[in-house]
Amino acid sequence: MKQEIRVPEVAEGVTAGTVVALTVAVGDQVKADQTLLELETDKAVVEIPSPVDGQVSEIRTEEGAEVAIGAVIMVLDSSDETPALSVDEQEPATEPVADPSTQKAVAEKPVTPSETPPAPEPEPAALTAEIDLTSVRRDDRVAPASPTVRRQARELGVDIYQVQGSGPGGRISGEDIRSYVRDTMQKISSGMVVSTTSGQPALRPLPDLSRFGEISREPLSRIRELTADAMSYAWSTIPMVTQYDKARIDGVEKFRKEFNTKALPENKLTMTSFLVKDCAAALRAFPYFNSALDLHSKELVLNHFINIGVAVDTPAGLLVPVIHGADNKGVERIATELNTLAEKTRERRVSPQEMEGGTFTISNLGGIGGSSFTPIVYPPQVAILGVSTAEMMPVWNGKKFVPQLMLPLCLTYDHRVIDGAAGARFLRWICEALENPLNMVMKG
Ligand code: CAO
């Protein structure tokens, strides 16, 4: 029986390719899945395999030729009576392989169960001489499956590359998809895995810790649950780097202490309020640190407003109220606003609006202690400043060691957006502005 071999759909959006190598000649005997030719598309070089055993009787293309998806490239003489598609993979008449544009349109059209076209009667093998060699490729892997099966996988939310095909050469059938779904559901309901569709890694069940001693359990607070979710998401999706630096803050501290001798408690200047002002000026000078990464549209979203979140430790867990428009406010106003916000936050009176819209975050643990730490970026933000405890340290001034109050700072950033050199410059800018606030006026 003569079987025409057509160029399969190789990737989304690819409509044609160039034949870079013919790996068989007329008269060759080929086995199912043996490579017939290599096709170069704008995405990759793809090997086109034979769907059946047979002998090459005709080659209708040549090296260097451009061929459209769906074009006939070879004819095989095959004694294989089995059509390339099993009955449950037969394509409805509306989805001819020969017309790639129709095929793509049909494949992309969402089909509800009521709209599903009735399965056509299987045609006798002699009439199904045109072989659907449809396979799609991800990186260097090919998922051999018909459009119907791939559509079925899409409708069920199944990543077809996770499915082990049981057909010849690993060809994936509709039953393989159903069986994959059944297995996954069983594993989820037995607690063996947690769905990974949210992008979160699968949870492993907790071992029985009571075997080692007495335990007690307490329910997670809503804040703890949300924090756990946000932190896992950030940790597993953002490649983060942390850099460290130190700022001399003798001058700022002297000014702050003097100011506070005359200030009311609610107007007290805090170290954090200086940092908010400093960071707001730095974000103006380095706008990429005030951005968000949109991988869907492949764009960097630059925020033209500067809203600085400040991590507040509360009995219920960590909350992050936001100083909106921080770049347009003076240190005194920021201090008053932050004192009020922090108090409201600790008393859980802070409103959702007061906690949203942050474009950068500061986490000051210095009032508690510690010399350094690595804060975690809070998506969709791309950077966070961590602050540890200021300490008197001997600093070499070129002639001798002099005691100076040094504030340890750590900057964690999304390395997809920010390079190390930019990170170092940004952090140095913050240090220099703290050391001499005139720098903010000069550079900001
Ligand atoms: N180094 C040394 N001393 C510091 C300091 C630092 N980095 N930061 C604050 N202090 C001092 C203050 O100067 C203050 O002393 P005085 O009373 O003598 O002025 C004292 O510590 C208490 O400060 P504060 O906490 O009242 O005020 P603040 O604005 O500096 O901090 C806030 C406000 C909300 C940041 C803080 O209360 C807080 O909750 N910090 C915890 C944040 C947190 O948990 N982060 C972890 C998140 S995980 O990344």
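Let us start at the ligand, which is surrounded by 20 residues, where a residue counts as near if one of its heavy atoms lies within 4 Å. The closest of these are Arg256, Arg346, Ser363, Ser388 and Ala390. This is a predicted model, in which local features need pLDDT of at least 70 and side-chain atom pairs count only at pLDDT 80 or more, while totals for chains, interfaces and linings use all residues. Residues are numbered from 1 along each chain as its sequence is written, and side-chain values use heavy atoms, with hydrogens and water left out.

Now look at the polar contacts, meaning pairs of N or O atoms within 3.5 Å. Arg256 places a polar side-chain atom 2.9 Å from an oxygen atom of the ligand, and Lys268 has one 3.5 Å from a ligand oxygen atom. With Ala390 the backbone takes part: one of its N or O atoms lies 2.9 Å from a nitrogen atom of the ligand. On its own the ligand has 970 Å² of accessible area, and the protein covers 71% of that, as computed by the Shrake-Rupley method with a 1.4 Å probe.

Which elements give two or more residues to the shell around the ligand? They are β16 (312-314) and β19 (360-364), strands being DSSP runs of E with at least two residues and helices runs of H or I with at least four. The shell divides into eight nonpolar, eight polar and four charged residues; Ala, Val, Leu, Ile, Met, Phe, Trp, Tyr, Cys and Pro count as nonpolar, Asp, Glu, Lys and Arg as charged, and the others, Gly among them, as polar.

The ligand takes up space in the largest pocket; a molecule sits in a pocket if more than half of its atoms lie within 2 Å of its grid points. A pocket is an open set of points on a 1 Å grid over the protein atoms alone, where a 1.4 Å probe fits, with protein on both sides within 12 Å along at least five of seven lines, and lining residues have an atom within 4 Å of a point. The lining has 48 residues, with Val310, Ala311, Val312, Asp313 and Leu318 nearest the centre. α4 gives the most to this lining, with seven residues.

Finally, visit two backbone details. Pro379 and Pro380 are joined by a cis peptide bond, and Asp33 has a positive phi of about 80°.

Terms used: A polar contact is a pair of N or O atoms within 3.5 Å; within protein, one must be able to donate a hydrogen and the other to accept it, and residues adjacent in sequence count only if both atoms are side-chain atoms.
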